[in-house]
Amino acid sequence: MRRLCTFYLDDMLFGIDVDAVQEVLRYQTMTPVPLAPTVVAGLINLRGQIVTALDLRRRLELPERPVGLLPTNVVLRSSAVGASLLVDSIGEVLEVDDESFEPPPETTQGITRELILGAYKLPDQLLLLLDLKKTLEIGTEVQA
Amino acid sequence: MDEAVQAFLLESHENLQQMEKELVLLEQRPGDRELIASIFRTVHTVKGTCGFFAFSRLEVLSHAGESLLSRLRSGELSVTPEIADALLALVDAIEEKLVSIETRGDEGTDDNASLIARLTTLAQPGGEIPPPPAPPGRPGKSPRRKATARPAKTGARRGSGKGPRSAKAKVSVAAAAPSAKLAGTGDVRQAVQAATVTESAVRVDVRLLDGLMDLVGELVLVRNRIVQLSAVSAATELASASQFLDRITDQLQDDVTRTRLQPLNTLFNRFPRLVRDLGTACGKQVAIGMSGGETELDRSIIESVKDPLVHLIRNAVDHGVEPPEDRVATGKPAQGQITLKAFNEGGQVVIELRDDGGGMDAAILRRRAVEQGLVAADESAQLSDREALRLVFLRGFSTARKVTSFSGRGVGMDVVKNNVESIGGTVELASELGRGTTTRIKIPLTLAIIPALIVRNGKQRYAIPQNNLLELVRLEGQQAHGGIERFQGAPVFRLRGKLLPVVHLKHELSGGRPGEFEVRALAREAVTNIIVLQADGRQFGLVVDGVDVTEDIVVKPLGQLLKGAPLYAGATILGDGSVALILDIVGLAQRAHVLADAAPRVVAARPAGAEEAVERQQVLLFRGPESGRMVIPLEKVARLETFPILAVERIGGREVVQYRGGILPLLRVPSHFAGERDRVRLGTTVEAQDHLHVVVFTEEGRQLGLVVDEILDIVEERFTVEGVGVREGVLGSAIVKGRVTELLDVQKIIGEAQTPGRRRGSGDGQ
């Protein structure tokens, strides 16, 4: 059994280990970081700590979040990284078992193949397991 | 006991514990180079340090171990159970010595001859001897079994509790800073002092301080809110209460911040002794001068730079400073000088270590790196001299011709670099052959508080560290239009008659082509704010949308995800709770090319008796004949102009242009100095352009336009004019921005321009 914190992006359900999550916050105003990689949405003040918010839609190369839909912050536990994932909305904490897990089919391509470890087959939908470590490897080179 | 010895003991105990753990791991992963390197460093450190304290037996012992490890590291030998046993025995023997030093004040009488012999034999090629009979005095205990039994033993001994040791045990549990081990060491030292001296200090977990700091940050925000609310409320009692809250919060913020800071002097104070001892041991006379020790840094960071600095000082004394005879022979004073300087720059703390020794020879570095198989020959040939200096950061690199007791095994620079980078810092090297080497360590302040100017770019606010700030210039109305001029794609502003390169913040942050922004767009603005900044000893102007206030900000590191961002020195939280980025002024200047390649300038001590004029001056750098680089003092330059080629007229074989109601004679730099054949060729190149780039001089009321191929830069540098290449019109050569550059004799060429036809002037004979 594995407990996953789940969230939605473009109507798809994703999950990461619940232990990796420090807290979930409603939308926070962000300070943009010019010249940073585009996946960096901005900086958030989390009780005096500076946290880098990553736009998970951009990271996964999904369509841009519709205007007016304010993202939710999933703040990650590792304090050295100081990162938050911006998601469309937060789901429940789900217990999944390994029996229902399946690695991504050979046909998947591109970024999803890189960042998604596989899917748990829930009765009504697929729960995609995100590779958190790779997701945070956004490269250090900046634009232009 | 000597405080330094105390510190050495505590540190070594910890390192040995670590090494023991690593040795056990190494047996499981015999090929692990990282592990071998780490173990090697531990032994190297023990050896090096005990050399200073004259623990000669310990030194001989660890030297034997180091020799064996050195061969493991180079891959000449591989780890066998025998070797692992011998190394574990080494750990025990060192521990024994340390305990003896701690309890009796000396190393004891055991010279560990059999262990040294064993280590030495193992280090020989094919020297894998069967394990010798157990050393006398430890009958019936095979080294192997001892290794596994050790943790319990250590625990027991610690439990038996002398003051300092039990204190240490507590600390290593409590230490929690990113560099936990180093921070722990600091705690230990304090703890020991506290235990032995008074009980006036209390040790506090670093995590607790971090937590307090964050809470105070929150409190400040709440305070701001309350103060705002009370201002619009009629209740006088609320007003006085909020004032009280205001004061207390300020005080609290101040105090909590200060708890985490320490002056660098806590570290610097140990160096004079170190330099003296090292100098004596190497047979050299070395003095150390230090400044900026009052610079405050987060204490965990101070601990983290300790080892790198000790390494660098060791290198400077051992490799940098030459033996007295050699120094005297080259005209230097017999006593070498090491200078250690700390200061704040661009939201970072810079620690600069300079020696006036022999410097590093890029050619030798290249050759050594190839010999040691660290880079391929063709690869090394392509490295610039500056890049070649960085070869010393490769693991295993060594330049020393002989292995000495202190250095020369190639441990050092790679460790220095790793340690500094692990706390988000950088190491830069500059060296001048015969003059010395400068190492600059730049480290983030992390939690330091610095005064900063808050500026606006669009809706966003940015902080500029006050120590980069020279002045603010505000251009309004008519002034704002055309206040910034454009020359050769390089915007400049005339500040009290001097040309100041200008950088547009909005342009740089929007990812526009570095340094090239549209001056005309600025001219439409009603107000132009120029912040005059200084970075790396050079000045430039930064155009921003607005200027807010100056306030003290708490520098916070950017997370790992933004570690590579070159324009920011960190972030801070403003009074309203929003996050503002702190601009890295040096990075910004580099991006906008106002610092050019920003090679770290080595301002080495002048050799005694040298007559050259060393002065710092601003010069205009341009491309002259045969693509040579030339400079003229900026003070002689009146304006930089561009004339269409069609505006050039001829009078008596001389080219002139109409300029500001007068006639400006033109002199072509390319044709002026080039040979007959080149003159024609270069003349055509210039002719092929539509416009002429002209530097207008004024000298004793006379004006002259100097036509140049290309304006390269405005540079402020300290350089030495040497007599090389003196000829008609050229005063001599100097190294400007790392390249040989000719210095134009302005007076001479103006004089010539006034007497046409005497020598080859500009237009004649073409």
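Let's start with contacts in chain A: among those with a separation of 6 or more, 55% are between residues 24 or more positions apart. By contact I mean two residues whose C-beta atoms, placed from the backbone, lie within 7 Å. Before I go on, this is a predicted model, so to speak: local features need pLDDT of at least 70, side-chain atom pairs count only at pLDDT 80 or more, and totals for chains, interfaces and linings use all residues. Residues are numbered from 1 along each chain as its sequence is written, while chains are lettered from A and ligands numbered from 1 in the order in which they are written.

Staying with chain A, we have 3 helices and 11 strands. Those labels are DSSP runs numbered from the N terminus, with helices being H or I of at least four residues and strands being E of at least two. Reading from the N terminus, the order is β-β-β-β-β-α-β-β-β-β-α-β-β-α. Chain A has 144 residues, and 35% of them count as buried. Buried here says that 20 or more other C-beta atoms lie within 10 Å of the residue's own; exposed is 12 or fewer, partly exposed is in between, and the C-beta atoms are placed from the backbone.

Now look at the sheet in chain A. Which order do its 6 strands take? They run S8-S1-S2-S11-S10-S9, in an open sheet with mixed pairing. Two strands pair, by the way, if DSSP finds at least two bridges between them. Strand S8 (89–96) and strand S9 (101–102) of chain A each have a single partner strand, so one side of each has no neighbour in the sheet. S9(A) runs antiparallel to strand S10 (residues 116–121) of chain A, and 2 bridges join them.

On to chain B. It has 766 residues, 40% of them buried, and contains 25 helices and 29 strands. Among its contacts between residues at least 6 apart in sequence, 66% join residues at least 24 apart.

Where do the two chains meet? On the chain B side 27 residues are in contact with 28 residues of chain A. The elements of chain B that give two or more residues to that side are helix H9 (206–232), strand S17 (568–573) and strand S18 (579–583). H9(B) provides the largest share, 4 residues. By class, the chain B side has 14 nonpolar, 9 polar and 4 charged residues. For the classes, Ala, Val, Leu, Ile, Met, Phe, Trp, Tyr, Cys and Pro are nonpolar, Asp, Glu, Lys and Arg are charged, and the others, Gly among them, are polar.

Two of those elements belong together: S17(B) and S18(B) run antiparallel, joined by 5 bridges. Ala571(B) has Leu581(B) as its bridge partner in S18(B). S17(B) is mostly covered, with 6 of its 6 residues buried. Their hairpin has 5 residues between the strands, and Gly577(B) in it takes a positive phi near 90 degrees.

Chain B also has an open sheet of 6 strands, in the order S10-S14-S15-S13-S12-S11, with mixed pairing. Its edge strands, pairing on one side only, are strand S10 (469–476) and strand S11 (484–487) of chain B. Within this sheet, strand S12 (residues 490–495) and strand S13 (residues 498–504) of chain B run antiparallel, with 4 bridges between them. Phe493(B) is partnered there with Leu500(B) in S13(B).

Next, some helices. Helix H4 (residues 81–104) of chain B has 24 residues and reaches 34 Å from its first C-alpha to its last, close to the 34 Å expected at 1.5 Å a residue; that expected span is 1.5 Å times one less than the number of residues. Just after H4(B) comes Gly105(B), with a positive phi of about 90 degrees.

Last stop: Asp414(B), in helix H18 (residues 413–422) of chain B. Is Asp414(B) buried or partly exposed? Asp414(B) is partly exposed, because 17 other C-beta atoms lie within 10 Å. Setting aside neighbours within four places in sequence, Asp414(B) is in contact with Phe393(B), Leu394(B) and Arg395(B). Phe393(B) is 21 residues away along the chain, yet the two C-alpha atoms are separated by 4.5 Å.
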